[in-house]
Amino acid sequence: MKKYLLAACLVALCSVVAVAQDGEEEGTKVGGFDKSKLFFGGNFGLAFGNYSTLVNVSPQIGYRFNRYLAAGAGVNFILSSYKYDFGNINQNYKEQYGVTGLNVFGRFYPIEYIFVQVQPEANYTWLKYHFYNGEPDAKLPNKIVPSLLGGLGAAIPAGRGYFIVTANYDLLQNERSPYGNRAFFNFGYNIGF
């Protein structure tokens with residue numbers, strides 16, 4: 001069922017792209033590719049501490065077809081590590097988690113600055129545990145994990161772009177999903193060309 005839902009979303013996004021392409025009529029350009037409708041954004045985050053590290057580089061590029069529809073694609077790269085210190089060398093360990101993947105997204109704007117977003121993803125994940133008591137490191141098998149993010153957001157005009165705020169939820173709920181089983185928020189900025 002989840003595979004069919006993911007496939008349906010991808011077909012729907014491709015259909016939106018195909019419908020949005022128009023030709024020229026009597027020497028006047030009515031549609032087609034318009035560079036000014038491109039936008040670039042995504043997530044970028046760094047956090048460093050004594051017990052944890054996080055690196056997130058997940059750029060996206062999109063195209064605003066008209067007042068109501070936008071779509072695009074991006075890549076995901078997240079690397080995190082966390083050191084668990086229980087005060088006893090026999091219980092302490094370090095967890096290293098990584099994600100790399102691809103995504104596509106579609107946005108529908110029912111109101112000018114408010115949008116509903118769907119974002120199917122395929123992420124390759126890995127997880128490793130390093131024990132400080134001398135036990136050998138443990139790894140979970142590397143795996144491709146599908147996610148289907150559904151969300152509601154706002155695009156607030158600012159300068160040459162928009163501040164983007166979204167509330168998202170992974171609808172597929174795979175046990176290895178990088179998004180967990182709760183809603184999460186993204187904050188960013190989309191730059192127009």
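Ala, Val, Leu, Ile, Met, Phe, Trp, Tyr, Cys and Pro are counted here as nonpolar, Asp, Glu, Lys and Arg as charged, and the others, Gly among them, as polar.

## Basis of the model

This is a predicted model, in which local features need pLDDT of at least 70 and side-chain atom pairs count only at pLDDT 80 or more, while totals for chains, interfaces and linings use all residues. Residues are numbered from 1 along each chain as its sequence is written, and side-chain values use heavy atoms, with hydrogens and water left out.

## Overall fold

The protein chain contains 1 helix and 10 strands, where helices (H or I, at least four residues) and strands (E, at least two) are DSSP runs numbered from the N terminus. Read from the N terminus, the order of the elements is α-β-β-β-β-β-β-β-β-β-β. Of the 193 residues in the chain, 32% are buried; buried means under 20% relative accessible area, exposed over 50%, and partly exposed in between, with a 1.4 Å probe and protein chains only.

## The largest pocket

The largest pocket has a volume of about 640 Å³. A pocket is defined on a 1 Å grid over the protein atoms alone, as an open set of points where a 1.4 Å probe fits, with protein on both sides within 12 Å along at least five of seven lines, and its lining residues have an atom within 4 Å of a point. The volume is the space filled by probe spheres set on the points, which are joined across faces, edges and corners.

The lining of the largest pocket comprises 36 residues, and Asn-43, Asn-56, Tyr-179, Phe-184 and Asn-186 lie nearest the centre. By residue class, this lining divides into 15 nonpolar, 18 polar and 3 charged. Several strands supply at least two lining residues each, among them strand 4 (52–64), strand 6 (93–111) and strand 7 (114–131), but the largest share, 7 residues, comes from strand 10.

## The second largest pocket

The second largest pocket has a volume of about 350 Å³ and is lined by 18 residues, of which Ser-36, Lys-37, Phe-39, Arg-64 and Tyr-162 lie nearest its centre. Its lining divides into 8 nonpolar, 4 polar and 6 charged residues.

## A nonpolar surface patch

Phe-44, Leu-46, Phe-48, Val-57, Phe-77 and Leu-79 make a nonpolar surface patch of about 620 Å². Such a patch joins nonpolar side chains (Val, Leu, Ile, Met, Phe, Trp, Tyr) within 5 Å, from residues with over 30% relative accessible area and no salt bridge. Strand 3 (38–48) and strand 5 (69–84) each supply at least two of its residues, with the largest share, 3 residues, coming from strand 3. Phe-44 lies in strand 3 and counts as exposed because its relative accessibility is 64%.

Asp-137 is partly exposed at 40% relative accessibility, and Lys-128 is partly exposed at 32%.

Ile-191 is placed in strand 10 and is partly exposed, with a relative accessible area of 38%. The C-alpha atoms of Ile-191 and Gly-42 are separated by 9.9 Å, although the two residues are 149 residues apart along the chain.

Definitions and conventions
Patches are made of residues with over 30% relative accessible area and no salt bridge: like charges are joined within 9 Å, nonpolar side chains (Val, Leu, Ile, Met, Phe, Trp, Tyr) within 5 Å. Accessible areas come from the Shrake-Rupley method with a 1.4 Å probe; for residues, only the protein chains shown count as cover. A salt bridge is a side-chain nitrogen of Lys or Arg within 4 Å of a carboxyl oxygen of Asp or Glu.
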